[in-house]
Amino acid sequence: MHDFLLSIKDVDVYYGGIHAIHGASLFINEGEIVSIIGSNGAGKSTLMRTIAGEKKWNAGTILFDGIPLPNRSYAATKLGVSLVPEGRRIFANLTVSENLMVGSYLRKDKPQIKQDFEEVLALFPRLKERLSQRAGTLSGGEQQMLAVGRALMAHPKLLCLDEPSLGLAPIVIDELFEKIVYLNNSKGQTMLLVEQNAFLALGVANRGYVLKTGRIVMEGTSQELLSSPQIQENYLGIKQI
């Protein structure tokens, strides 16, 4: 029996010559939504990419489901980590259907793949209407839904979402975050959410961490962080009197 689905201890990451992450430690329980908030350049995406295996770390340990996480994205995906990257990175020349199937490329369980495909289309009905359309012709919101759908096709234990609201209209952001809450409540999907919009991120999460210049400087339940004067002033734009 493992204590946490994800456990990170004293992790250091260098980006070129820059010490991007300093001794970060965090954990995620199964079934939780955990948010990492912080300003631009705080190291949020670097930490997310490290967890997903896209970025090598230089010190510390990362355990996933009790197993040391290898420094390779292929291996991380196989263990059950799936990343929705910042900027979506969909395959513009492939169809919606082909993009979704790319997400299942490491899997062999065809009946379950088919079931997951149907569930993704039920979650995002607009994708169902556009299955044969090239992904590059979709709107920004539809492309983000496709990126989430593709990640779900890996049938992940941990779904990592890197800045999902970036560049989207408010109405699309609301819809997307409703789906995130639904996946967690109805499917028990564990999620790690990196998001510059702190109010949005903490609004859907169980717990949160605050990253500042590569260091985790605060952690707590979402409610604790939302009611912290420091968070209100620095990240929510609420001036203290």
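Predicted model: local features only at pLDDT ≥ 70, side-chain atom pairs only at ≥ 80, totals over all residues.
1. The model contains an open sheet of 6 strands, in the order 6-7-8-3-9-10 and with mixed pairing. Its edges are strand 6 (81–84) and strand 10 (215–221), each of which pairs on one side only. On average, and with direction ignored, neighbouring strands of this sheet are turned by 15° against each other.

2. Pairing of strands 3 and 8. Strand 3 (residues 33–37) and strand 8 (residues 190–194) run parallel and are joined by 4 bridges.

3. Arg 126, setting. Arg 126 belongs to helix 5 (residues 125–129). Its relative accessible area is 28%, so it is classed as partly exposed, given that buried means under 20% and exposed over 50%. Between Arg 126 and Tyr 15 there are 111 residues of separation in sequence and 38 Å in space, C-alpha to C-alpha.

4. Arg 126, contacts. Leaving aside residues up to four places away in sequence, Arg 126 touches Glu 142, Met 145 and Glu 175. With Glu 175, the side chain of Arg 126 forms a side-chain polar contact of 2.6 Å.

5. Arg 150, charge. Arg 150 lies in helix 6 (residues 140–152). This residue is buried yet has no salt bridge. The nearest side chain of opposite charge is that of Glu 54, 8.3 Å away, whereas a salt bridge requires the side-chain nitrogen and the carboxyl oxygen to be within 4 Å.

6. Arg 150, surroundings. What polar group lies 3.0 Å from a polar atom of the Arg 150 side chain? The group is the backbone oxygen of Arg 88. Arg 88 is also listed among the residues that Arg 150 touches, together with Pro 85, Arg 89, Ile 90, Phe 91, Asn 99, Leu 100 and Gly 103, not counting residues up to four places away in sequence.

Terms used
Residues numbered from 1 in each chain as written. Heavy atoms only, no water. Helix = DSSP H or I, 4+ residues; strand = E, 2+ residues; numbered from the N terminus. Buried < 20%, exposed > 50% of the residue type's maximum accessible area, 1.4 Å probe, protein only. Contact = heavy atoms within 4.5 Å. Polar contact = N/O pair within 3.5 Å; in protein donor to acceptor, adjacent residues only side chain to side chain. Pairing = 2+ DSSP bridges. Axes fitted to C-alpha atoms, helices over the stretch in contact; angles between N-to-C directions. Lys, Arg positive; Asp, Glu negative; His and termini not counted.
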